[in-house]
Amino acid sequence: MNSLILRTTTGFLLSLLMLFSVYLMLRGHNAPGGGFIGGLTATAALTLYAFAFDVATVRKMLRLDPLSIAGLGLALALCSGLPGMVGGDAYLTSRWAVLLLPDGAEIHLGTPLLFDFGVYLVVIGVGCAVLLTMAEERGE
Amino acid sequence: MNLLLVAPILLPLLTAALCLLAWKSVRVQRWLGVAGSAALLASALALFAEVHVRGIAVSHAGEWAAPFGITLAADLLGALMVVLGGIVGLMVSVYSLGSIDEGRERFGFHPLVQILLMGVCGAFLTGDLFNLYVWFEVLLMASFVLTALGGERAQMEGAIKYVTLNLVSSAIFLAALGLLYGLTHSLNMADVSLRLARLNYPALENLLAVLFFIAFGIKAAVFPLFFWLPASYHTMPVSVSALFAGLLTKVGVYALIRVFTLVFRDDVEFVKELMLVVACLTMAVGVLGAVAQMEMRRILSFHIVSQIGYMIIGLALMTPLALAGTVFYLAHHIIVKTNLFLVSGAVARATGSFELKKSGGLYAAQPGLALLFLVPALSLAGIPPLSGFWGKYILVKAGLESGQVVLVVVALAVSVFTMISMMKIWSEAFWKPHPLGLTPAPVGLLNGPIAAMAAMTLLIGFGVEPVMQLAERSAQQLLDPQSYITAVLEARR
């Protein structure tokens, strides 16, 4: 698609949407959101970019093959269950660390977040693999 | 113990993830596949050793206790099945190095095999009925893609039948789960077992039992729900059909054993009767179907069906000896059947065709391969002292002890017909000269896994005593569900 308006706005929207997708992923532990929905948002942003410019640009931007991103996410999600086993608990038992910020705020970082991030990457990888392949076939 | 239980599930998943990371390099994926399968087998053996020494192993993911959490439990049968899954996985991975085409490899053959193995191991290790459903779906998803991968015309036809029938089975399974949950408010197998025993609704229990029998029966390919199997197995690449032939129907049989020893224990006499009839018909119809075929893998596919009948016998009789026979038969059958499919691939490679009419001359050109075919073939037919003889002997003995004469007669007659089929393959593909006068080509690497599995068949045949003791011990465990229930519900940490 060759539209100046779409191209210009997509440049802004991409960064906003990606930021929003990370926000969705992070708040997912106790509120609506999570890795899956965040990953879908990111995929949607990337697809918009592919519409505005072209598929090759998006592929170059991703650097890795989409399926490799999914593989990375799968491996991360898998590893997120392992720290729980140190100390004899079962697989996927959650482990938490508290990060104290200078202004006194606390950030709870835990293995479920790593799991969510893995899911986030799997969704982006698989979503992009499917959508980009289909977009390429239509373009041919 | 926690690590041992999750390793057979995590290792294939990790291998698949690594294969995805190495998506561009088929060579790396190949070796990852072999290494992953070898690691799976090693972890399965470690789990088996643990269960053998210390009894039932239980782990609750995330420390959420049963019946609410995700329970993984391995008794002897479960651990044995995981070991067999590892063996088949490793053999098929090695075999596929020399047989699968690069097109399929580039579209994810290796990660899919690993995902399939993960689903199979998950199904063997789960202690929760809904998770069993999920693992079934995992392995079915992988198997759907493996069936259709390559997109040849015949393959698509087979894939459509395969996918449709398996989706029907999943739908029935899911409906049965819903009803069971409505009745007992639980899906943890141990918990359901206790709750069902306290309820007194024989009619509903029988209905549920029949639904489960149909759902797993489709997957195990029993009469009259088997027709998807011979319609699809001969259309896939050899590595895939060997993997399916070895493991997939047996997951169905395993699920039947688990459900009918643990969950539905009493009040299901109707289903037991049904099973006996179905076992007889499955054996007979399967073997008669094979007689009419002249394509090697179609013959073998029909024989899977007929062999499933033998395994159902033991479950239907439910005596300690009969159940031990079923466990023994499972172990013997998985190895022999996988091997026969691997041989069929070697035959097709050497002579150029799976069609018996178009092949021949293998005995003169490759007596070694001919010998390697004879071991699993004669074992399947039940010739002493090979493994199949002992399996049939135990089941026939158990049948006679229970006074099921008709069953025994059918089982013995089916053996004879199995022998006829195997001799048909022998005389057509190996004995007669090649119809076009060609000299069969060497098959190289393919001989390796075939020889290894033939050696295992011999090992089971000659070392029958320890294997039988193992089968008896696992049958005792199955017949004493209380120990499983206690292990799952009272596992601390």
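A:Asp65 and B:Lys24 form a salt bridge, with their closest N and O atoms 2.8 Å apart; the term covers a side-chain nitrogen of Lys or Arg within 4 Å of a carboxyl oxygen of Asp or Glu. The rule finds one salt bridge across the interface of chain B and chain A. This is a predicted model, in which local features need pLDDT of at least 70 and side-chain atom pairs count only at pLDDT 80 or more, while totals for chains, interfaces and linings use all residues. Residues are numbered from 1 along each chain as its sequence is written, chains are lettered from A and ligands numbered from 1 in the order in which they are written, and side-chain values use heavy atoms, with hydrogens and water left out.

**Interface of chain B and chain A**

- Seven residue pairs are in polar contact across the interface, both residues being at pLDDT 80 or more; a polar contact is a pair of N or O atoms within 3.5 Å, where within protein one must be able to donate a hydrogen and the other to accept it, and residues adjacent in sequence count only if both atoms are side-chain atoms.
- On the side of chain B that touches chain A, the elements giving two or more residues are helix H1 (2-21) and strand S1 (57-61) of chain B; helices (H or I, at least four residues) and strands (E, at least two) are DSSP runs, numbered from the N terminus.
- H1(B) gives the most to this side, with nine residues.
- In contact, meaning heavy atoms within 4.5 Å, are 17 residues of chain B and 18 residues of chain A.
- The area buried between the two chains is about 1,500 Å², and carbon and sulfur atoms give 73% of it; buried area is the accessible area (1.4 Å probe) that two parts lose on being put together, summed over both.
- B:Leu10, B:Leu20 and B:Leu21 supply 30% of the area that chain B buries against chain A, more than any other three residues.

**Chain B**

- Chain B has 21 helices and two strands.
- The C-alpha trace of chain B spans about 70 × 55 × 40 Å along its principal axes.
- Helix H2 (residues 26-54) of chain B is followed by B:Gly55, whose phi is positive, near 85 degrees.

**A:Glu106**

- A:Glu106 lies in strand S2 (residues 106-110) of chain A.
- Leaving aside neighbours within four places in sequence, A:Glu106 is in contact with A:Val98, A:Leu99 and A:Leu100.
- A:Glu106 and A:His29 are 77 residues apart in sequence and 15 Å apart in space, C-alpha to C-alpha.
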